[in-house]
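Colleague: I am new to this protein. Could you take me through it, one part at a time?

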Amino acid sequence: MARLHSETFIDAPPERVWQVLTDFAAYPEWNPLLVEARGEPRAGARVKVRAALKPGAGPRLRFSATVVRADAGEALVWRGGVPGVLFGEHFFHLRAEGSGTRFEQGEVFTGLFSLLLGAGVRRRMERAYAAMNEALARRVAR
């Protein structure tokens, strides 16, 4: 099993952060990690995503996932992959903190290939998550 985590403070209420986070159509305009997402942010919906682990360069990873939780202003969670081989649960958690939002993003990978996600790959992925968090904060501030 491999766990990834990144978090930041966004100076806006969770409802505003949620609005930007779930506007999948706008991802190509601001999101350096999830460069494209299609689908609906509701439990049971399928989403198709293109991800870039290196902003602006490198190959794009394409995957489909099922939204398992979509609680407005609180959490968006999707799962995808091949159970037993490489399966991931990606989460976005929003929590009111003072005048803003504590935003957490992460993923838990399971399956045989999760054992191959070495420390270097995990660090690169966490940097990509942090870049998205920062871009989200800038987008929310606009």
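Colleague: What is Ser 64 in contact with, leaving aside its neighbours within four places in sequence?
Modeller: In this predicted model, Ser 64 is in contact with Arg 46, Val 47, Lys 48, Gly 80 and Gly 81.

Colleague: And where is the place of Ser 64?
Modeller: Ser 64 belongs to strand β4, which covers residues 57-71.

Colleague: How far is Ser 64 from Arg 50, C-alpha to C-alpha?
Modeller: Their C-alpha atoms are separated by 8.9 Å, and the two residues are 14 apart along the chain.

Colleague: Let us turn to the core. Which residues touch the most other members of the largest nonpolar core?
Modeller: Leu 34 and Trp 78 do, in a core of 34 residues. Helix α3, residues 119-141, supplies the largest share of this core, with 7 residues.

Colleague: Which residues does Leu 34 contact, leaving aside those within four places in sequence?
Modeller: Leu 34 is in contact with Tyr 27, Val 49, Arg 50, Ala 51, Trp 78, Phe 92 and Met 132.

Colleague: What stands opposite Leu 34 in β3?
Modeller: That residue is Ala 51. Strand β2 (residues 34-39) pairs with strand β3 (residues 46-54) in the antiparallel sense, over 5 bridges.

Colleague: How many residues are between β2 and β3 in their hairpin?
Modeller: There are 6 residues between the two strands, and Gly 44 in the turn has a positive phi of about 95 degrees.

Colleague: Now the aromatic residues. How many aromatic pairs does the structure hold?
Modeller: The structure holds 5 aromatic pairs. One of them joins Phe 24 and Tyr 27, with 5.4 Å centre to centre and 70 degrees between the planes, an edge-to-face arrangement. Phe 24 and Tyr 27 are both buried. Phe 24 also forms an edge-to-face pair with Trp 78, at 6.4 Å centre to centre and 70 degrees between the planes.

Colleague: Which residues form the one aromatic cluster?
Modeller: The cluster is formed by Phe 24, Tyr 27, Trp 30, Trp 78, Phe 92 and Phe 103.

Colleague: What does Arg 139 touch, not counting residues up to four places away in sequence?
Modeller: Arg 139 touches Trp 30, together with Arg 16, Val 20, Ala 26 and Glu 29. Arg 139 is part of helix α3.

Colleague: Why does Arg 139 count as buried?
Modeller: Arg 139 counts as buried because its relative accessibility is 16%, and the limit for that term is under 20%.

Colleague: Which elements give two or more residues to the lining of the largest pocket?
Modeller: Those elements are β3, β4, β5, β6 (86-97), β7 (100-110) and α3.

Colleague: How many residues of β7 are buried?
Modeller: In β7, 9 of the 11 residues are buried, and the strand is mostly covered.

Colleague: In what sense do strand β1 and β7 pair?
Modeller: Strand β1 (residues 2-10) and β7 pair in the antiparallel sense, over 9 bridges. Ser 6 has Gln 105 as its bridge partner in β7. β6 and β7 are also paired in the antiparallel sense, over 11 bridges. These two strands, β6 and β7, form a hairpin with 2 residues between them, and Gly 98 in the turn has a positive phi of about 60 degrees.

Colleague: One last residue. Is Ala 96 buried or exposed?
Modeller: Ala 96 is exposed, as its relative accessible area is 58%. Ala 96 is found in strand β6, and Thr 101 is its bridge partner in β7.

Terms used. Residues are numbered from 1 along each chain as its sequence is written. This is a predicted model: local features need pLDDT of at least 70, side-chain atom pairs count only at pLDDT 80 or more; totals for chains, interfaces and linings use all residues. Side-chain values use heavy atoms; hydrogens and water are left out. A nonpolar core is a set of buried Ala, Val, Leu, Ile, Met, Phe, Trp, Tyr and Cys residues joined through side-chain atoms within 4.5 Å. Buried means under 20% relative accessible area, exposed over 50%, partly exposed in between (1.4 Å probe, protein chains only). Helices (H or I, at least four residues) and strands (E, at least two) are DSSP runs, numbered from the N terminus. Contact means heavy atoms within 4.5 Å. Two strands pair if DSSP finds at least two bridges between them. Rings of Phe, Tyr and Trp (its six-membered ring) pair if their centres lie within 6.5 Å; planes under 30 degrees apart count as stacked, over 60 as edge-to-face and the rest as tilted.
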